[in-house]
Amino acid sequence: MIKNYFKTALRNLWRNKLTSSINIFGLSIGMTAAIFIFLWVQNEISFNNYHPGKEHIYRITHSIQVSQNAVWRWENSPQPITEAAMKEIPEVEQAARLKNGYNTVFNIDHKLFSEKTAAYVDKSWFTLFSYEFTEGSAAAFAHDPFGIILTESKAKKYFGNAAALSQVIRVDTVSYTVQGIIKDNPLNSSFQYDILMQLEGFLANPKRLKGQNDWGNFNYISFLKLSPTAKRSFVETKLNDIVNKNRTKNNDKVSLVSLPDIYFETGLQSSNLPHGNKKTTYIFTLLGLLLLIIACINYVNLTTAKASVRSKEVSIRKIIGAERTHLFFQFITESLAISLLSLLLTLLTIKLCLPLFNTITEKQFLLPLASVTLWKVLLGTLLVATLLNGIYPALLLSSFQPLNVFRGIGILKLRDGLIRKGLVIFQFVLSVVLIIGTIVMYRQMKYIQSSDPGYNVSQIVSVNIPYKSYGSLGDSARKNFYASIKHELELQSSIASVCTGGEEIVNVGSSSSGNADWDGRDTAYKPTIAILSVDADFQKMFQLQLKEGRWFGTGNEDLHGYIINETAENEFDMHMPVIGQRLTYGGDTGSVIGIVKDFHYKSMHEKIGPIVLANNGGNDSYFFIKTVPGNIPRTLSAIGGVWSQFIPDQPFSYNFLDDSFNTLYKSDIKTSMLIFIFSLIAIIISGLGLFCFSGLYCRTTYPGDWYQEGTGRFDTTDHFHAFKRFCETCHHCYSCRNTDCVVGHE
């Protein structure tokens, strides 16, 4: 029976080649877009789900009450908390910590590499979390305090085709031995670290261990695995008791966030782990379904528009004993055949478009045919497409009755033409909604890119001086070190100007609460204030606008002076005039010497808050270098030469500030670009359906004569829409829609 269904379905598809081709082409476009979306969505919602026992693994979160109205949420914890939890809380089965290595420098065969994806982890890390070792083992790593694990890609980068296992890598003055090679991190992992080093070796230095043991230092991301019967709230209570016992300040509340939930976590002050947007995931899920629905509407319209062609076939089948269920499954099989052929074309299209999709999403999606996830997405899409394509046409075609065939009334007792028109309208309503959404997002991105953030970062290179290069210097020696670098840079003809600062102005992360005081301050008012260290040339470099007062001078007269922004002026409610008022910050008392106009020192998604600019002299770690237009390669070469002169033991690295600015909106740009592309696909599919429905297939096969306008010729065979058919009952052209005719015209 099933074999006969498929044979009949393929025969019918072959007989109607043009209709079938358009159905397959339109459906494959929709399925391609939907599968790309569903792959991305599936990756988002499956973050960290591959770890065994994930439902019992939690990350420790600290909520710090910094003021009456402000609470900071940190993903970092004090170093001793996991050891204390293991000792004092029986419900804790395992614990592991991670410390970000930031820009760790590796010395391999006298070649320097600066890596941002390095971290220190406990030896229990690989028993708590799932990693696939291709060489070495977690046990070897655990037994070596100076062990190091590399991903396959990093092992290839460092050692090429040579064996990486047991190789020695220098980190500062410490030698680490490669004890294992693991497969590259999955796309849906929060731990995108390519180099993992033993934390025990990092803490082997007694002086370092003493500082890390301080309960006031929040430097570690800490994870606990609870027993299956443990209650999270009960463990949280015990953790809070431990913290209150060991911390002098009782403004800290501990909570646990489950491993699968940390990816969509919001409200953190900062994070070293990747995070997603749950709302964006919902939007793309809906978008994928809408694209599939729009593509399926074309199939339904074309199939039902040609329904009368099958009336004789259905009638004969019913006369010889076919039941309605047989006919229903026959037409569902035809829908499945169309969907399968579309899926084959979809796979080819996906293969061709996958590199572009990976570029836009900045992911590395693959299409391994052995992947269970891939087949879940493919088969799920195929099932949805088959049902959307087949249900209504199968019900309609299997329910034909002779009188209703001539009247054009379908299964819902409505004229099929009205239903088809309704579906077309629905298609274009969706398309218009997508167009409007795309325009709104485009204008939002255009606004962000064209809006004035309050400063200029064009052609400015940012260079971060590693702490190791100046950390051991005294204040005077550090100032001389910076002054020498700045002087050497200013001598380069390809450099227009140079200044220093504590951070990049596009995303200032330093802030504190309750650390400032001024005359007239309400003692209960402890605002969160951002702090940025700058020098005398900072204003000219970034073209900041002063509202009142003056900028810092070149001498030492303003070492205790402060410049505040307009928001700080309004919120602090200082005595008038503000210029000259006392301001104490971080225990250092000075006065306000200027008020700068508000500028976006964080993303434009965030409200501008109060910021204090200070001239801290030797505490700046960034050099900002304005290039001469047209000389960027020469400028970078000059900066690299100065770097080699003063910091020979560190690899040269730099960043363009406009790239840093764009990074703040990278997620928005990717989302808007994807929505634009998929909206364009929806419009194309809708246009294809309208074209087919209103033009190419404006013909019918009801009995009657066809008349070609302007020629006076009649014909009794099927032709395209150049012919208008006259009704045998009322002798009116069908396009005239004679309302008195008992047959009715569609």
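Tutor: Gladly! A salt bridge is a side-chain nitrogen of Lys or Arg within 4 Å of a carboxyl oxygen of Asp or Glu. This is a predicted model, where local features need pLDDT of at least 70, side-chain atom pairs count only at pLDDT 80 or more, and totals for chains, interfaces and linings use all residues. Residues are numbered from 1 along each chain as its sequence is written, and side-chain values use heavy atoms, leaving out hydrogens and water.

Student: How far apart are the closest N and O atoms of lysine 238 and glutamate 91?

Tutor: Helices (H or I, at least four residues) and strands (E, at least two) are DSSP runs, numbered from the N terminus. Lysine 238 forms a salt bridge with glutamate 91. Lysine 238 belongs to helix 9 and glutamate 91 to the loop between helix 3 and strand 4, so the pair ties together parts 147 residues apart in sequence. Their closest N and O atoms are separated by 3.6 Å.

Student: Is glutamate 91 buried or exposed?

Tutor: Buried means under 20% relative accessible area, exposed over 50%, and partly exposed in between (1.4 Å probe, protein chains only). Glutamate 91 has 18% relative accessibility, so glutamate 91 counts as buried.

Student: Which residue does arginine 59 meet in a salt bridge?

Tutor: Arginine 59 is buried, with a relative accessible area of 0%. The N to O distance is 2.8 Å, and the partner is glutamate 265.

Student: How many salt bridges are found in the whole structure?

Tutor: One network of salt bridges links Asp517, Asp519, Arg521 and Arg582. Searching the whole structure gives a total of 20.
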